[in-house]
Amino acid sequence: MAQLFNADTGALIGEISDAQLEFLVSQMEEEHALDQDYYLNADLLETWHEQGADPALLEMLQKAMAGKEDLSVRWSR
């Protein structure tokens with residue numbers, strides 16, 4: 001399990017499974033080997049939905065976006 005945080009506010013978004021984390025990491029571009037921050041937007045979440053991404057992960061991220069167009073997240077174990 002890993003914890004997912006709003007990278008801007010530090011607020012906990014929720015806990016994600018290892019499989020959900022693996023998906024997130026595999027989909028995002030990392031700036032360096034230890035990068036744990038990612039920028040998401042509504043279009044990206046829609047693309048993931050169309051690709052069959054985990055519905056619980058998408059729901060968590062959409063809720064964290066709270067109607068905004070984008071969100072920066074950070075994960076931690």
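**Close-up views of a predicted model**

**View 1. Helix α3 and what covers it.** The buried residues of α3 are covered by parts that include the strands β1 (2–6), β2 (12–16), β3 (37–41) and β4 (70–76), along with the helices α1 (18–27) and α2 (42–50). All views here come from a predicted model. Helix α3 itself spans residues 55–65, and its buried members are Leu57, Leu58, Met60, Leu61 and Met65. Looking down the axis of α3, you will find these buried residues within an arc of 160°, so they line one face of the helix.

View 2. Phe5 is found opposite Leu12 of β2.

View 3. At the start of α3, Asp54 extends a side-chain oxygen to within 2.7 Å of the backbone nitrogen of Ala56. Gln20, a residue of helix α1, touches Asp54, Ala56 and Leu57, leaving aside residues up to four places away in sequence. Is Gln20 buried or exposed? With 11% relative accessibility, Gln20 counts as buried, because the cut-off for buried is under 20%. The side chain of Gln20 also reaches the backbone nitrogen of Ser17, at 2.8 Å. Leu57, one of the residues that Gln20 touches, is among the buried residues of α3.

**View 4. The aromatic pair.** How many aromatic pairs does a search of the whole structure find? The search finds one. Its partners are Phe23 and Trp48, whose ring centres are 5.2 Å apart and whose planes meet at 75°, so the pair is edge-to-face. That label follows because planes over 60 degrees apart count as edge-to-face. Phe23 belongs to helix α1 and Trp48 to helix α2, so the pair ties together parts that are 25 residues apart in sequence. The two residues can also be described by their accessibility: Trp48 is buried, with a relative accessible area of 1%, whereas Phe23, at 21% relative accessibility, counts as partly exposed.

View 5. Follow the chain past the end of α3 and you come to Ala66, with a positive phi of about 50°. Ala66 takes this phi although it is not a glycine. Where is Ala66 found? Its place is the loop between α3 and β4. Ala66 counts as exposed, at 58% relative accessibility, in contrast to Met65, which is one of the buried residues of α3.

Terms used. Residues are numbered from 1 along each chain as its sequence is written. This is a predicted model: local features need pLDDT of at least 70, side-chain atom pairs count only at pLDDT 80 or more; totals for chains, interfaces and linings use all residues. Side-chain values use heavy atoms; hydrogens and water are left out. Buried means under 20% relative accessible area, exposed over 50%, partly exposed in between (1.4 Å probe, protein chains only). Helices (H or I, at least four residues) and strands (E, at least two) are DSSP runs, numbered from the N terminus. The arc is that of the directions from the helix axis to the C-beta atoms. Contact means heavy atoms within 4.5 Å. A polar contact is a pair of N or O atoms within 3.5 Å; within protein, one must be able to donate a hydrogen and the other to accept it, and residues adjacent in sequence count only if both atoms are side-chain atoms. Rings of Phe, Tyr and Trp (its six-membered ring) pair if their centres lie within 6.5 Å; planes under 30 degrees apart count as stacked, over 60 as edge-to-face and the rest as tilted. Two strands pair if DSSP finds at least two bridges between them.
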